[in-house]
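Subject: Handing over the two-chain model

Hello,

Here is the structure I promised to pass on to you, and below it you will find my notes on what was found. Please keep the picture open beside the text while you read.

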Protein chains: 2
Amino acid sequence: ENILEAKPVVYRQITVPQPGAKEYCTDSGLVVPSISYELHQRLLSIAERHGLSLERRLEMTGVCATQMALTLLGGPNRFTPKNLHQRPTVALLCGPHVQGAQGISCGRHLANHEVEVVMFLPNFVKMLDCVTSEVTLFNKTSGKQVSSIKEHIPDGPALVRAAADWANQNRAPVLSLDPPGSGQGQAVEAKWSLSLCLPLSLAEGDGRVYLCDIGIPRQVFKEVGIKYICPFGCKFVIPLHSA
Amino acid sequence: ENILEAKPVVYRQITVPQPGAKEYCTDSGLVVPSISYELHQRLLSIAERHGLSLERRLEMTGVCATQMALTLLGGPNRFTPKNLHQRPTVALLCGPHVQGAQGISCGRHLANHEVEVVMFLPNFVKMLDCVTSEVTLFNKTSGKQVSSIKEHIPDGPALVRAAADWANQNRAPVLSLDPPGSGQGQAVEAKWSLSLCLPLSLAEGDGRVYLCDIGIPRQVFKEVGIKYICPFGCKFVIPLHSA
């Protein structure tokens, strides 16, 4: 029995300069404010300067998004040796940017876990280095890479639009990885969204919001003026609710 | 209801050239053979050549070891906002090698999750780059770094011996990260051990064995002659049992 007297619980442990439009809370009631895209970018660039490289963050995001996806796909009930004839299929729609690289990293870990993975990435003449290296690793798995939606190959933005339309018309539920904040235009209607580190203010169409720990240490938060106490408890991915 | 008829389940899905002395199995009965230190090293070096850098593996090992440690420390029961006055303390004993870097990465993620972390690392004139960069990141958390055991500072091997003695005499349970195979001499008696990718043949003193997925893609296993089907299901860390 716990004989130590507990102090009153403080639920507002994270405070940010210029909070975003929305406020979220965790299952246990901790308040998680949203932040602007600019502050989010600043957090990442300072973390990078301290050595939390993009490569590390990609690996961590890939692992955590995979854990979330595997749970959504049925978790321990689905992934048993007795069930190998019913392997789930996941289609990844990746753009040629950091968010795309996160998706490819997630695709690699899913393929490692015996999920049938089809990864869509439009052909571009010049790719970001981080996208290229994720593709190289992905291609060592049994996952497939495609660059067209059913033979229909328009170019540039039209292809991305075609991919988004395909996702919206498909009946499979969509998990959106690191989506832009509301008001940025939204191509795909998601059932779930996974935000990284601290959430942006997301739109209704982003579905249920989850938050992923990407390992940013306390001092980095401090440097951008955020008072941060970890809301994750023993988890690395937690659901958020509109407060 | 599942109306597809399942094929008989194959429990021996992983086959390796020259299996090690021990054989393990998962909770669901899948056989996981042990491999030699040399084969383990070869796996990692080929993975590295394909782009799965040490930095990525350190991040992934740190996250997965942290998930395991947080569960062992009490999981969701312990890590709630109502329990902040009882933060657990973890001491990390890290050598100046890759295993040490894995420990420091784990220490950083633990500290990020509000665990009180004390990280012991002996002072060396020349450190591996991977150790130095983990230390830099660790020092951005609230974790403490020490290089002596209670003021008693012998040099070199004697200090490591003193640290091991301290761990063995301490009543706190020990989690050993990526321990050497049996027959390599064993400094610390562990309650649990976490092996990476495929287990070495571990000694009795390594305690209960867990296995951590470090994201090596199928083709890398193939290149070293291992037929591999993922034994992890929807998890990234699983318990192993002596078969």
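A polar contact, as the term is used here, is a pair of N or O atoms within 3.5 Å, and within protein one of the two must be able to donate a hydrogen while the other accepts it. With that rule, 21 residue pairs are in polar contact across the interface of chain B and chain A, where both residues of a pair have a pLDDT of 80 or more. Please bear in mind throughout that this is a predicted model.

**Where the two chains meet**

On the side of chain B that touches chain A, the elements that give two or more residues are α2 (54–72), α3 (75–78), α4 (98–112), α5 (129–138) and α7 (218–223) of chain B. The largest share comes from α2(B), which gives eight residues. Sorted by kind, the residues on this side of chain B are 21 nonpolar, 22 polar and 12 charged. In terms of contact, 55 residues of chain B meet 54 residues of chain A. The size of an interface is often given as the accessible area that is lost when the parts come together. For chain B and chain A the buried area is about 4800 Å², and carbon and sulfur atoms give 60% of it.

Side chains of opposite charge can pair when their charged atoms come close. Between chain B and chain A there are eight salt bridges, and one pair that meets in this way is E114(B) with R218(A), at 2.8 Å from N to O.

**Two helices of chain A**

Helix α2 of chain A, residues 54–72, has 19 residues and reaches 26 Å from its first C-alpha to its last, which is close to the 27 Å expected at 1.5 Å a residue. Because 15 of its 19 residues are buried, α2(A) is largely enclosed by the rest of the structure. Just after α2(A) comes G74(A), which takes a positive phi of about 130°.

**A buried leucine in chain B**

L121(B) lies in the loop between β4 (116–120) and α5 of chain B, and since its relative accessibility is 2%, L121(B) counts as buried.

Over all chains the structure holds 23 salt bridges. In chain A, the side chains of E223(A) and R49(A) meet at 3.7 Å from N to O, and this pair links distant parts of the chain, with E223(A) in helix α7 and R49(A) in helix α1, 174 residues apart. E223(A) is partly exposed, with a relative accessible area of 35%, whereas R49(A) is exposed, at 63%.

In chain B, the side chains of E134(B) and R108(B) form a salt bridge at 3.4 Å from N to O. Because E134(B) lies in helix α5 and R108(B) in helix α4 of chain B, the pair ties together parts that are 26 residues apart in sequence. E134(B) counts as buried at 0% relative accessibility, and R108(B) likewise counts as buried at 0%.

Finally, E55(A), E59(A), R108(A), E134(A) and R56(B) are linked in a network of salt bridges.

Best wishes

Terms used:
Residues numbered from 1 in each chain as written. Chains lettered and ligands numbered in written order. Predicted model: local features only at pLDDT ≥ 70, side-chain atom pairs only at ≥ 80, totals over all residues. Heavy atoms only, no water. Contact = heavy atoms within 4.5 Å. Buried area = accessible area lost by both parts, 1.4 Å probe. Salt bridge = Lys/Arg side-chain N within 4 Å of Asp/Glu carboxyl O. Polar contact = N/O pair within 3.5 Å; in protein donor to acceptor, adjacent residues only side chain to side chain. Helix = DSSP H or I, 4+ residues; strand = E, 2+ residues; numbered from the N terminus. Nonpolar A, V, L, I, M, F, W, Y, C, P; charged D, E, K, R; others polar. Buried < 20%, exposed > 50% of the residue type's maximum accessible area, 1.4 Å probe, protein only. Expected span 1.5 Å × (residues − 1).
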